[in-house]
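The exercises below are meant to be worked through with the sequence and the three-dimensional view side by side. Try each task before reading its solution.

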Amino acid sequence: MGYHNDSELQDLGCSSQLLLQPLWDSMRTGEAFVRSPFFPVVFSIITYVGFCLPFVVLDVLCPWVPMVRRYKIHPDFSPSARQLLPCLGQTLYQHLVFVFPVTLLHWARSPALLPPEAPEFLQLLSHVLICLLLFDTEIFAWHLLHHKVPWLYRAFHKVHHQNASSFALATQYMSIWELFSLTFFDVLNVAMLQCHPLTILTFHVVNIWLSVEDHSGYDFPWSTHRLVPFGWYGGVAHHDLHHSQFNCNFAPYFTHWDKMLGTLRSADSRELCTSHLNQEKKET
């Protein structure tokens with residue numbers, strides 16, 4: 001009986017692996033480029049800008065389309081070209097001048113090897129989730145420290161808070177120290193778990209999307225925090241509140257660390273604060 005159970009598990013693992021094998025085989029047709037030091041930078045920039053562009057279009061439409069304005073957290077704010085272009089320019093500059101040389105050095109020391117087999121589907125999902133939880137923990141600690149220690153905030157993190165109302169292209173508007181910190185944790189986690197290259201790419205895509213969504217300024221019915229149950233995930237309204245109040249919601253994605261340390265604040269508190277301010281203005 002134990003033999004049959006082992007055989008069934010092996011068959012399940014093979015089926016799960018076969019699910020991703022065609023995708024992995026198609027990626028390996030461009031193995032020379034995927035293994036090159038250019039790929040991580042090109043992949044990162046294209047993924048990031050690709051996720052930002054729909055929100056940029058929405059920001060352009062927002063003043064003229066009530067349906068779009070309905071889902072914007074700050075409906076009276078739309079980023080101008082003078083705000084958008086420096087953010088895009090800094091992202092491109094930092095990736096080309098700082099990230100690419102580091103990638104080149106890493107490639108020269110240990111060129112990437114692509115295994116012929118795809119990862120099992122369940123293994124990919126579990127590794128991506130674990131990487132997200134680890135990244136959330138690390139960035140929570142880093143973020144909290146850089147808000148509690150004034151010189152760290154002024155020297156390294158203040159750049160990211162220059163835009164009071166967040167927008168998609170402001171996601172990576174940060175100091176080079178902050179960018180390298182995020183990248184270090186990102187790389188550390190996939191290395192600790194010895195993730196398959198396809199898993200690493202999937203994690204990067206998910207991580208970039210969640211970051212852009214958190215800074216987008218749009219709270220849709222299908223936003224991630226509305227899909228994750230029990231309030232486990234903070235989302236765009238949660239992170240937007242951090243940008244407006246500075247002293248709460250330090251975790252990038254999930255809510256458990258802020259709950260445990262008493263730094264969690266819901267979007268309802270902002271609405272209540274706004275209503276009080278409006279009431280005070282009426283009375284005066």
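**Exercise 1. Overall make-up**

What percentage of the 284 residues of the chain count as buried? Find the value, and then describe the secondary structure and the surface.

Solution. This is a predicted model, in which local features need pLDDT of at least 70 and side-chain atom pairs count only at pLDDT 80 or more, while totals for chains, interfaces and linings use all residues. Residues are numbered from 1 along each chain as its sequence is written, and side-chain values use heavy atoms, with hydrogens and water left out.

Step one is the burial: of the 284 residues, 43% count as buried, where buried means under 20% relative accessible area, exposed means over 50%, and partly exposed lies in between (1.4 Å probe, protein chains only).

Step two is the secondary structure, which comes to 13 helices and zero strands; helices (H or I, at least four residues) and strands (E, at least two) are DSSP runs, numbered from the N terminus.

Step three is the surface: the accessible surface of the chain comes to about 15,900 Å², of which 69% belongs to carbon and sulfur atoms, the areas being computed by the Shrake-Rupley method with a 1.4 Å probe, and for residues only the protein chains shown count as cover.

Step four concerns contacts, meaning heavy atoms within 4.5 Å: among those between residues at least 6 apart in sequence, 71% join residues at least 24 apart.

**Exercise 2. Confidence along the chain**

Which helix has the lowest mean pLDDT, and which the highest?

Solution. Begin with the term itself, since pLDDT is the predictor's confidence in each residue, from 0 to 100. The mean over the chain is 89, and 88% of the residues reach 70 or more. Among the elements, helix α13 (residues 267-283) has the lowest mean, 45, whereas helix α6 (residues 121-148) has the highest, 98. Then look at residues 272-284, over which pLDDT stays under 50 and for which the model has zero contacts beyond four places in sequence. Where pLDDT is low, the predicted coordinates should not be read in detail.

**Exercise 3. Charged pairs**

How many salt bridges does the structure hold? List the partners and say how each is placed.

Solution. A salt bridge is a side-chain nitrogen of Lys or Arg within 4 Å of a carboxyl oxygen of Asp or Glu, and the structure holds three.

1. Lys-72 and Asp-59 meet at 3.1 Å, N to O. The pair links distant parts of the chain, with Lys-72 in the loop between α4 (66-69) and α5 (81-109) and Asp-59 in helix α3, 13 residues apart. Both Lys-72 and Asp-59 are buried.
2. Asp-219 pairs with Arg-226, the closest N and O atoms being 3.0 Å apart. Asp-219 is buried at 18% relative accessible area, while Arg-226 is partly exposed at 49%.
3. Arg-35 pairs with Glu-31, with 3.9 Å between the closest N and O atoms. Arg-35 has a relative accessible area of 29% and is partly exposed, and Glu-31, at 22%, is partly exposed as well.

**Exercise 4. Cysteines**

Solution. A disulfide is taken here as a pair of cysteine sulfur atoms within 2.5 Å. The closest cysteine sulfur to that of Cys-195 belongs to Cys-131 and is 4.1 Å away, which is too far for a bond. The structure as a whole holds zero disulfides. Cys-195 is buried, with a relative accessible area of 10%, and Cys-62 is buried at 0%.
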